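Welcome, and please take a moment to look over the model.

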Amino acid sequence: MTTVATLDTYRNERTYPFCPGCGHGSVLDTLDEALVTLGVPPEEVVIVSDIGCSGLSDQYFATSAFHGLHGRSITYATGIALARPELTVIVIMGDGGTGIGGAHLINAARRNVGITVLVLDNLNFGMTGGQHSTTTPAGAITSTTPLGNLEHPLDICATAGVNGAGYVWRGTSFDDGLAERMVEAIRHPGFALLDIWDLCTAYFVPANRMGKKGLARTIDELSLGTGVLYQREVAEYGAAYREAAAAMGKRQAPQPIPVEYESPLDGAHSVVVTGSAGAKVRSAARLFAEAGIRSGLWATLRGDYPVTVKTGHSVTEVVLSREETPPVAVTVPDVLLIASEDGLKKVGAMLQAMGPGSLVVTTPVFAGVGTRARMVVVDPGETRKTQTGLMLLAAGAAITGVVPMEALRAAAGGRFEEENLAAIEAGLAAAG
Amino acid sequence: MREFVDGATAIVRGALDAGCTFFGGYPITPASGILMQMMSELPKAGGIAVQGEDEIASIGMCIGATLAGARAMTATSGPGISLYSENIGLAVMGEVPLVIVDVQRLGPATGGATTVAQGDVQFVRWGTSGGYPIVALAPSTVAEAYRLTVDAFALAERFRCPVFVLTDKELVMSLTTVDAGAFTPPPVPDRVVAEDGEPYRYRPAAETFPLHEYGRGRTVRFTGSTHDERALITKHAPTIDALNRHLVAKIEEHREEIERVDLDADPGATTLIVGYGITGGAVRAAVTRARTSGSSLSGMVIHSLWPVPETALAKALVGVGRVIVPELNPGLYRREIERVAGDREIIGIERIDGDLITPEQILEAAR
């Protein structure tokens with residue numbers, strides 16, 4: 001049972017570790033005020049921080065907390081909010097995190113998981129010595145831009161806003177109404193972000209003579225805009241996911257393969273079919289292997305192909321065996337089926353190694369390939385290129401008799417049953 | 001009844017039967033089959049599967065979800081493990097149960113996306129800063145891929161740590177006939193969640209204490225920084241020492257619970273073949289062929305690569321004068337065997353051309 005909190009504060013007894021005049025403490029006090037207004041039980045609030053001065057923040061709250069890696073707080077918050085959507089998940093990150101974790105920021109905005117991100121944006125890396133960050137204004141002096149910053153600053157709000165974020169606000173730690181904006185952001189069902197500019201009195205302030213007025217002036221000079229910049233109705237990702245998932249139905253039990261035929265095979269029989277990627281070489285080999293399983297054999301199937309999808313070679317090995325066997329490499333197959341030039345190029349060594357006890361089946365185009373194996377050339381007739389592999393496999397099976405033809409026909413079912421059966425019959429006819 | 005399934009399917013079914021409720025992943029050959037199946041199957045089982053914007057987001061979401069009550073898994077290949085590195089450390093430090101599948105491909109760098117290798121065997125062990133223990137299981141068949149994925153979830157919960165399922169392109173993408181009985185769902189006990197106390201405990205060092213989850217009526221703190229038992233950042237030396245010794249002892253002192261090997265010992269054999277993962281198939285085939293031809297050979301397929309199953313290895317080495325270690329890398333795990341094998345002769349078979357080690361190669365080395 002959840003009791004409604006009537007807390008005066010969500011802070012714990014610890015004092016902030018921030019430098020005199022640093023804006024972070026003021027922002028955290030404002031967050032405390034917002035949480036009091038919201039009245040969410042503290043154990044239902046998870047403050048997710050990462051690295052840098054802002055990353056210390058979670059230790060000063062009596063809420064739940066997650067202190068993670070630099071720039072990754074949005075990813076942890078996403079996982080937490082998806083797994084337990086009833087929690088109030090608040091990310092506190094610095095401007096540094098918008099650089100190293102920029103991809104997460106953009107994609108969280110697109111995804112609209114219901115988290116709130118507070119960027120404590122003090123225009124530089126405070127903890128590590130005042131180096132420039134993504135938001136350092138052009139021309140500003142930092143420990144790594146002694147000649148003035150040459151980079152254009154990142155507009156965090158526009159980036160999140162144009163990419164779909166539900167709620168986006170910019171202002172400074174001195175702004176009246178910041179607590180109300182935090183409340184609005186946290187109540188927003190989608191992704192909400194507040195870009196809160198504040199002062200780093202250790203580095204940025206002394207190096208750039210920046211003060212309260214300077215912050216506001218700089219935002220103005222950069223034409224970045226202040227206040228609520230984006231506010232839109234969005235589908236919260238987790239809710240949308242759960243709704244879509246409910247419509248998917250339950251998992252289907254796998255369909256086992258029945259053993260209903262008999263193979264005369266005693267021992268093992270290896271078949272390699274080689275052809276072009278995209279020409280259903282693997283599908284044909286799978287069908288053949290399933291015919292073997294239907295005939296009481298154990299089958300393994302492994303393939304070799306380049307990273308491209310419908311170009312290049314596709315070589316598939318099938319080993320049928322009376323005994324259960326793990327997949328091992330086939331160097332010299334009992335039967336080799338050559339369906340195309342792409343495939344032929346990959347089996348030169350295999351053709352060399354094959355002896356008179358093995359069989360090569362191919363189409364008239366490759367009738368001249370050199371091998372000591374027995375060669376059978378079959379006419380593909382009207383068979384399509386994408387069915388050549390299956391036609392050759394059926395012809396090879398008819399010659400070796402390793403699986404009954406009825407098992408091949410039974411394995412041909414499914415979406416392509418008609419064309420599979422046609423290829424099998426063509427192979428049987430061609431094999432005579 | 002039999003099924004014709006690939007390793008990806010077995011891993012997905014193992015994960016779902018082990019109670020996996022969250023998956024985060026990013027497309028990468030040859031691990032994408034796991035991502036795609038989790039995206040289509042997990043929502044039907046009441047869980048959530050997300051394709052992250054990159055590998056870092058994918059594992060980060062898994063860690064966050066676990067703290068909020070999920071049982072999580074992610075899957076990638078070597079290049080993705082590189083990007084997981086820092087978050088693997090976070091899961092070690094924060095004591096987060098998590099299953100990480102590494103479908104190895106040929107490296108380094110982009111390497112060979114559709115090419116088999118076993119080059120990550122040391123990488124998963126030492127792939128994050130600090131050098132703390134890691135648990136890694138390695139299936140050598142599709143049926144083992146199912147069972148060891150189930151075991152990986154159990155060990156992750158037991159020791160509150162990331163557990164690797166180290167597999168490869170061939171096992172994940174090759175189809176194997178499996179007796180349908182191999183996929184019998186295991187009993188899945190509920191996670192024991194802490195009801196009170198501080199979020200971390202370090203004493204006794206070898207004990208693993210229940211996880212504290214968000215959203216269970218109490219505030220919970222989590223951190224990846226060196227922390228005291230309240231999860232507050234600390235520089236207090238005795239506390240730091242206790243934390244770090246706990247991270248070691250909770251795994252190292254329970255090695256026997258993790259050890260998993262498949263030993264096929266011939267009492268008369270003086271040669272032992274030790275393999276793992278996809279190479280285990282060739283080890284078994286070589287042992288069978290040797291015996292058929294009248295010579296004696298012992299074979300061991302290691303299922304738990306990390307910690308090194310030293311007790312099982314020491315037992316198997318009794319009476320053995322020579323050990324042959326075939327692997328698809330430049331002899332990376334052989335050094336672990338050498339460490340345990342003392343003065344015995346060690347012969348490595350290294351294959352790094354993208355093809356599998358054959359039983360003939362092993363028999364040749366054993367001659």
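Residues are numbered from 1 along each chain as its sequence is written, while chains are lettered from A and ligands numbered from 1 in the order in which they are written. This is a predicted model, so local features need pLDDT of at least 70 and side-chain atom pairs count only at pLDDT 80 or more, whereas totals for chains, interfaces and linings use all residues.

Q: How do you know what confidence the predictor has in chain B?
A: The score to look at is pLDDT, the predictor's confidence in each residue, from 0 to 100. Chain B has a mean pLDDT of 97, and 100% of its residues reach 70 or more. For the complex, the predictor gives an ipTM of 0.97 and a pTM of 0.97.

Q: What makes residues of chain A and chain B count as being in contact?
A: Two residues are in contact if their C-beta atoms, placed from the backbone, lie within 7 Å. The contact takes in 56 residues from chain A and 62 residues from chain B. On the chain B side, helix 3 (55-67) is one of the elements that supply at least two residues, and helix 3 of chain B gives the largest share, 9 residues. Helices (H or I, at least four residues) and strands (E, at least two) are DSSP runs, numbered from the N terminus.

Q: What makes residues of that chain B side nonpolar, polar or charged?
A: Ala, Val, Leu, Ile, Met, Phe, Trp, Tyr, Cys and Pro count as nonpolar, Asp, Glu, Lys and Arg as charged, and the others, Gly among them, as polar. Sorted this way, the side of chain B that touches chain A has 30 nonpolar, 20 polar and 12 charged residues.

Q: Why is strand 2 of chain A said to pair with strand 9 of chain B?
A: Two strands pair if DSSP finds at least two bridges between them. Here 3 bridges join strand 2 (residues 64-67) of chain A to strand 9 of chain B, and the two run parallel, so they pair by this definition. In strand 9 of chain B, B:Thr223 is the bridge partner of A:His67, and B:Arg221 stands opposite A:Ala65.

Q: What makes strand 9 of chain B an edge strand?
A: Strand 9 of chain B pairs on one side only, as does strand 9 (227-231) of chain A. They belong to an open sheet of 8 strands with mixed pairing, in the order 9(A)-7(A)-8(A)-4(A)-3(A)-1(A)-2(A)-9(B).

Q: Why is A:Lys280 called buried?
A: A residue is buried if 20 or more other C-beta atoms lie within 10 Å of its own, exposed if 12 or fewer, and partly exposed in between, with C-beta atoms placed from the backbone. A:Lys280 has 25 C-beta neighbours inside 10 Å, so A:Lys280 counts as buried. A:Lys280 is found in the loop between strand 10 (268-276) and helix 10 (281-294) of chain A. Its phi is near 60°, a positive value in a residue other than glycine.

Q: Why does B:Ala231 count as buried?
A: B:Ala231 has 23 C-beta neighbours inside 10 Å and therefore counts as buried. B:Ala231 is found in the loop between strand 9 and helix 8 (237-252) of chain B. B:Ala231 also has a positive phi, about 70°, although it is not a glycine.
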